[in-house]
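Have a look at the picture, then read on.

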Amino acid sequence: MQAVITAFVPIWCIGALGWLAARSGSASVQVRQALTRFAFTIAMPSVLFTTLSRTPLSQIQPGPLLAFAISTFTVGLLALALFRGRLPDRATAAMASSYVNAGNLGIPVGLYVLHDATFVVSVLMFQVLVVSPLLFLGLGAGGSSFLAPLRTPIVAASILGLGVSALGWRLPDLALRPLEILGGAAVPLALFSLGMSLSGSAVAWRGIGPVVVLKLLLQPLVALLAGRFLLDLDGPALFAAVLFAGLPTAQNTYVYAAEHGRPTELPRDAILVSSLLSLVTLSVIALLGAG
């Protein structure tokens, strides 16, 4: 439990600062939009490029990653079927229900609970290179071509970083250092703008319930069943797949919805509620896995 709380404390603190800034009037809606835009087009692509370009492809763990992928697509498709509205609205619900916070929660949870953070690289690659383009396509339905998601800064930077890694190139630190500095702002900006969006707004508990159930309960359950009975996983490999499938909704979902001009209330509330409740669900998963 202490390990999970330790991973969440910075998230709560930065989000609370954003809420205070908006509440006090020191940061306007225009400021929030500018921060979100910078995070999406500059900071997130920078951190993804530097991370993936330095990551050997040999670190990908196919077994647990496949179990995690099955859980992601199962829950995402189920959300698409359950929620009503236009495709972009249903894509937002699917994103909030299945896109996990691997970026800044996966590393500390992996280190504290699994004592190994390498699986987070596999999850990040899968989410950014496979899931994100599909989400962008759904969020921009009716106004973009099939190849449009590949031209977004996040996906383009990830593909370039993966290409550098695959070719075995080692870029000089002098070239990567500016990108590292820019990338360091990605998570704080996303959390700060998310906190700002909570000012003056109440959580829509009735609407958020199905999303949180899908995210925190069904997704890790599907990962467990797929890993154990379809892929014959056990031990640390199965534990890693289930633990990461149980991570709460990523703060990136708020940024993605905002950048595509979609309502941000659902991902915003999903991030808040799933992050709070996952303190319990992740602790249960950790206890069962350790046993």
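Start with T36, which sits in helix 2 (residues 29-53). Keep in mind that this is a predicted model. Is T36 buried or exposed? Its relative accessible area is 4%, and the cut-off for buried is under 20%, so T36 counts as buried.

Who are the neighbours of T36? Leaving aside residues up to four places away in sequence, T36 touches S193, Y254, V255, A258 and E259.

**Helix 12**

Next up is helix 12, which covers residues 252-259. Why do we say that helix 12 is largely enclosed by the rest of the structure? Because six of its eight residues are buried. Those six are N252, T253, Y254, V255, Y256 and A257.

Take N252, which is found in helix 12. With a relative accessible area of 19%, N252 is buried, given that the cut-off is under 20%. N252 touches M44 and Y99, again not counting residues up to four places away in sequence. Just after helix 12 comes G261, which takes a positive phi of about 70°.

**A loop residue with a positive phi**

D232 has a positive phi as well, of about 60°, although D232 is not a glycine. Where is D232? You'll find D232 in the loop between helix 10 (205-230) and helix 11 (235-245). Its relative accessible area of 60% makes D232 exposed.

| Residue | Relative accessible area | Class |
|---|---|---|
| T36 | 4% | buried |
| N252 | 19% | buried |
| D232 | 60% | exposed |

**How helix 3 packs**

Two packed helices are described by the angle between their axes and the distance between the axes. The axes of helix 3 (residues 62-82) and helix 4 (residues 87-98) come within 8 Å and cross at roughly 145°. This crossing is right-handed. On the helix 3 side, the contact is made by T72, V75, G76, A79 and L80, while helix 4 brings L87, R90, A91, A93, A94, S97 and S98. Sorted by class, that's seven nonpolar, four polar and one charged residues.

Helix 3 also packs against helix 6, at an angle of about 35° and with the axes 10 Å apart. The crossing of helix 3 and helix 6 is right-handed. Here P64, L65, F68, A69, T72 and F73 of helix 3 meet F119, S122, V123, F126, Q127, V130, V131 and L134 of helix 6. This contact has 11 nonpolar, three polar and no charged residues.

In soluble globular proteins, nonpolar side chains tend to be buried together. In this model, the largest nonpolar core has 59 residues, and the members that touch the most others are F68, Y99, L243, F244 and Y256. Which helix gives the most to this core? Helix 6 (residues 119-139) does, with 12 residues.

Zoom in on F244: apart from residues up to four places away in sequence, F244 touches F68, V100, G106, L114, F119, V120 and V123. There's also a second, separate core of 14 residues, and among them are A79, V211, L214 and V273.

Note on methods:
Residues are numbered from 1 along each chain as its sequence is written. This is a predicted model: local features need pLDDT of at least 70, side-chain atom pairs count only at pLDDT 80 or more; totals for chains, interfaces and linings use all residues. Side-chain values use heavy atoms; hydrogens and water are left out. Axes are lines fitted to C-alpha atoms, for helices over the stretch in contact, and angles run from 0 to 180 degrees between N-to-C directions. Helices (H or I, at least four residues) and strands (E, at least two) are DSSP runs, numbered from the N terminus. A crossing is left-handed if the near helix is turned anticlockwise from the far one by less than a right angle, and right-handed if clockwise. Contact means heavy atoms within 4.5 Å. Ala, Val, Leu, Ile, Met, Phe, Trp, Tyr, Cys and Pro count as nonpolar, Asp, Glu, Lys and Arg as charged, and the others, Gly among them, as polar. A nonpolar core is a set of buried Ala, Val, Leu, Ile, Met, Phe, Trp, Tyr and Cys residues joined through side-chain atoms within 4.5 Å. Buried means under 20% relative accessible area, exposed over 50%, partly exposed in between (1.4 Å probe, protein chains only).
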